[in-house]
Amino acid sequence: MNIKKVLKTTLPLALGGFLVWYSLSDISLETLGQYFKEANYGWIFLGLFFGILSHLSRAYRWKFMLEPLGFQPKFTNSVLAVLVGYLVNLALPRAGEISRATVMANYEDIPFEKGFGTIVAERIADLIMMLSIVAITLFVQFDFIYNLLTNNFDPTKIIIGLAILIVGFFVFSSFVKKAESGFLLKIKTFVTGLIEGVTSIFKMKNKWAFIFHTIFIWVMYVAMFWATIPAIEDLNVPFGGILIGFIAGGFSIAATNGGIGLYPIAVAGALALFNIPTEPATAFGWIMWTAQTAMIIVFGGLAFVLLPVLNKNK
């Protein structure tokens, strides 16, 4: 048995289990259950509707990456492959991309390496969108973030720290550019591939349609977060809180299996910056995470069942 693979699989789950316990230390199960019972599920289902739209758009966007390679998969199979990928990611982080490419290889005869390559390119576009949302948040909430930092940290130390980071970045970049072997060469290759992946988007035939769907997907992600907030009565979150809470939740999903345990903590911590009480903020995080996870499990499970049924000839 490969110990490294076992640790890679079990550690995120163990961390998630610990974080679930830690999160529930801020709110009793009885209180949390009461929030779930009294939640307005009309808003929750509206949020899930936005989430479904994002998945459909992601599946449709994929065709713009596959067409230049000579493949035109069925939209149904693309949707089911995307849903399967999300479900697999709950158990094994980043394995969803592999399963997604495998599904298309089995049911659409798209070579695995080509399908996987397009998924990597998509992820680059998604990374750019996430960083764009972070930048927009910094711009929209500049005064709030500036005051938060200056009130909690010494401004002089912040400036010195930023200066050190900038100088360190340029020094490190110069070493990476000159690298011809070892770890630095791997970084150089990765960054080069990243840049090529980004520029390839602007060279594709339907680049504007691809860009539109990329923006639409992330607008739906934010809309899903925003629409679920009114599910808890008297939970008043300003626009800046929505953006910061969304970012915190997004990074938590990347850190553990689907954000298990960490998502409620991250969201509650972000909302706390806007003086939102701990209990409703934590309850919202749990309701939001539960709704997203339930949607993935239900639709991902259906996708597993429907794939062989709708592709009997394969």
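View 1. L302 counts as partly exposed because its relative accessibility is 43% (buried means under 20% relative accessible area, exposed over 50% and partly exposed in between, with a 1.4 Å probe and protein chains only). This is a predicted model, in which local features need pLDDT of at least 70 and side-chain atom pairs count only at pLDDT 80 or more, while totals for chains, interfaces and linings use all residues. Residues are numbered from 1 along each chain as its sequence is written, and side-chain values use heavy atoms, leaving out hydrogens and water. L302 lies in helix α13, residues 278-310 (helices are DSSP runs of H or I with at least four residues, strands are runs of E with at least two, and both are numbered from the N terminus). Together with V298, F299, F304, V305, L306, V309 and L310, L302 forms a nonpolar patch on the surface, with about 680 Å² of accessible area. Patch residues have over 30% relative accessible area and no salt bridge; like charges are joined within 9 Å, and nonpolar side chains (Val, Leu, Ile, Met, Phe, Trp, Tyr) within 5 Å. The areas come from the Shrake-Rupley method with a 1.4 Å probe, and for residues only the protein chains shown count as cover.

**View 2. T214 and R61.** Look in helix α10 (residues 207-228) for T214, which is buried at 5% relative accessibility. Its side chain joins that of R61 in a polar contact of 3.0 Å (a pair of N or O atoms within 3.5 Å; within protein, one must be able to donate a hydrogen and the other to accept it, and residues adjacent in sequence count only if both atoms are side-chain atoms). Leaving aside neighbours within four places in sequence, T214 is in contact with R61, A125 and M129 (heavy atoms within 4.5 Å).

View 3. The closest N and O atoms of R123 and E97 are 2.8 Å apart in their salt bridge. That pair connects helix α6 with helix α5 (residues 95-108), across 26 residues. R123 is partly exposed at 29%, whereas E97 is buried at 7%. R123 also forms a salt bridge with D126, at 3.6 Å from N to O. Because R123 and D126 are three residues apart in helix α6, about one helical turn separates them. Salt bridges that share partners join R58, R61, E97, R100, E122, R123 and D126 into one network.

**View 4. F284 in the largest nonpolar core.** This core has 75 residues, and W218, F225, F246 and F284 have the most contacts inside it (a core is a set of buried Ala, Val, Leu, Ile, Met, Phe, Trp, Tyr and Cys residues joined through side-chain atoms within 4.5 Å). Helix α13 gives the largest share, twelve residues. Not counting residues up to four places away in sequence, F284 touches F225, T228, I229, I232, L235, V267 and L271.

Methods. A salt bridge is a side-chain nitrogen of Lys or Arg within 4 Å of a carboxyl oxygen of Asp or Glu.
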